Amino acid sequence: MNSKRAHLLIKGRVQGVYFRQGMMETAEKNNVLGWVRNLPDDGVESILEGNDSNVDAVIEWARFGSAGAVVKELKITEEPYVGEFSDFEIRY
């Protein structure tokens, strides 16, 4: 099982539509650790760590997001796996 770390920047209608909560629930369901937060430019940023297929499952969810979201852009940057997280959290 290979470990993976991904840095996501999501643009579109992704604030005020339970995007962060939905991402946290999806990450927890897939045993992915890290965080998600709103950005001042109305986007969302996230760091994900876990095994390849589980991180990919959360990335796939982020392509569409929660029911009220409209994802217009998803930028994914793979980074070296660090293993620094013990859970997944919403940052403020």
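Predicted model: local features only at pLDDT ≥ 70, side-chain atom pairs only at ≥ 80, totals over all residues.
Me: Which elements does the protein chain have, from the N terminus on?
Reply: The order is β-α-β-β-α-β-β, which comes to two helices and five strands. Helices (H or I, at least four residues) and strands (E, at least two) are DSSP runs, numbered from the N terminus.

Me: How much of the protein chain is buried?
Reply: Buried residues are 45% of the 92 residues. Buried means under 20% relative accessible area, with a 1.4 Å probe and protein chains only.

Me: Which residues have the most contacts inside the largest nonpolar core?
Reply: They are L8, I10, F19, M23, L48 and F88, in a core of 21 residues. A nonpolar core is a set of buried Ala, Val, Leu, Ile, Met, Phe, Trp, Tyr and Cys residues joined through side-chain atoms within 4.5 Å.

Me: And which element supplies the largest share of this core?
Reply: Helix 2 does, with five residues.

Me: What does I10 touch?
Reply: Leaving out residues up to four places away in sequence, I10 touches F19, M23, G43, V44, V71, E73 and L74. Contact means heavy atoms within 4.5 Å.

Me: New topic: how far apart are the mean positions of the positive and negative charges?
Reply: For the 11 positive and 15 negative charges, the mean positions are 6 Å apart. Lys and Arg count as positive and Asp and Glu as negative, without His and the chain ends; each charge is placed at NZ of Lys, CZ of Arg, CG of Asp or CD of Glu.

Terms used
Residues numbered from 1 in each chain as written. Heavy atoms only, no water. Buried < 20%, exposed > 50% of the residue type's maximum accessible area, 1.4 Å probe, protein only.
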